[in-house]
Amino acid sequence: MKRGNPFALGAIALWATLASLGVSLSHVSPFLLTGLALLIGSIPALPLLRQWRVPPATLALGVYGLFGFHFLLFIALRHAPPVQANLVNYLWPLLMVVLAPLLLRGVQLKLVHIVAALVGFAGAAIAIAGGRQLDTGFAWGYLPAAGSAFIWASYSLLTQRVARFPTAAIGGFAAVSGLLSLACHSLLEPSAALSGQDWLLIVLMGLGPLGGAFFLWDAALKRGDARSIGLLSFLTPLLSTLLLLVLRGDRPSPSIVLAAVMIVGAALVGTRAR
């Protein structure tokens with residue numbers, strides 16, 4: 001069951017670059033950025049276009065995951081403090097662990113998985129907050145942030161419930177989701193002109209965190225244990241934060257070191273449990 005972990009770590013490594021790329025492309029409208037990146041991310045699977053043919057219910061599930069996740073996340077980031085919204089969104093690895101026995105046959109949830117998931121989430125929270133003082137009070141944007149977390153966790157698990165489909169079909173999911181994102185851009189965002197550097201970074205985003213990562217993620221879920229993969233996913237905000245620090249030339253703070261110990265420890269303990 002651990003054969004999927006290397007694929008999961010590959011997806012996590014690509015997702016860790018998303019924040020850094022997003023900072024460089026912060027001037028690009030979110031739906032435009034996501035739409036273009038998802039369409040570019042689907043291109044490597046074009047040679048296997050015939051494998052994009054899946055039952056309508058499977059395609060709907062794929063669009064629910066890739067488009068629904070980003071749609072609600074963007075709404076959350078517009079209507080809630082970004083740090084807190086991102087923190088709520090990172091409930092999805094915890095939800096993957098908790099929902100696995102409910103949505104997947106033959107999967108049991110043990111106390112060690114629950115404890116490891118809670119420790120992992122606490123570590124992720126420390127990594128995301130980075131020692132900053134968080135705003136208090138409720139913002140309605142937390143609700144779509146929680147919704148996006150549920151969508152990604154449930155999509156990841158439900159892909160194992162539908163009829164088995166080739167990983168290349170993720171290209172179809174990305175293409176349809178990209179077109180829907182561009183439709184949202186045309187309806188909700190002002191038009192924008194992109195520079196050559198913008199296009200280069202968007203291509204990198206499409207081939208990496210908004211493209212290649214989805215193929216690796218699907219391969220991981222088809223080969224691995226959803227509980228272990230969920231626990232490994234807490235590495236994403238940690239690696240993302242570390243990459244931002246490296247690019248800025250900063251040193252990790254004691255809180256980031258603590259987050260690393262908590263997340264890596266939880267992943268090691270949780271992934272070894274059966």
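**Exercise 1. Classify the residues that line the largest pocket, then state where they come from.**

Step 1. The lining comprises 29 nonpolar, 11 polar and four charged residues. Here Ala, Val, Leu, Ile, Met, Phe, Trp, Tyr, Cys and Pro count as nonpolar, Asp, Glu, Lys and Arg as charged, and the others, Gly among them, as polar.

Step 2. The model is predicted: local features need pLDDT of at least 70 and side-chain atom pairs pLDDT 80 or more, whereas totals for chains, interfaces and linings use all residues. Residues are numbered from 1 along each chain as its sequence is written, and side-chain values use heavy atoms, without hydrogens or water.

Step 3. A pocket is an open set of points on a 1 Å grid over the protein atoms alone, where a 1.4 Å probe fits, with protein on both sides within 12 Å along at least five of seven lines; lining residues have an atom within 4 Å of a point. The largest pocket has 44 lining residues, and Leu18, Ala19, Gly22, Leu77 and Asn86 lie nearest its centre.

Step 4. Helices are DSSP runs (H or I, at least four residues), numbered from the N terminus. H12 contributes the most to this lining, seven residues.

**Exercise 2. Describe the lining of the second largest pocket.**

Step 1. Its 15 lining residues include Leu104, Gln160, Leu221, Lys222 and Gly224, which lie nearest the centre.

Step 2. By class, eight are nonpolar, three polar and four charged.

Step 3. H10 supplies the largest share of the lining of the second largest pocket, three residues.

**Exercise 3. Is Ser148 buried or exposed, and which residues does Ser148 touch?**

Step 1. Ser148 belongs to helix H8.

Step 2. Ser148 counts as buried because its relative accessibility is 0%.

Step 3. Leaving aside residues up to four places away in sequence, Ser148 touches Phe69, Leu72, Leu73 and Asn89, where contact means heavy atoms within 4.5 Å.

Technical notes. Helix = DSSP H or I, 4+ residues; strand = E, 2+ residues; numbered from the N terminus. Buried < 20%, exposed > 50% of the residue type's maximum accessible area, 1.4 Å probe, protein only.
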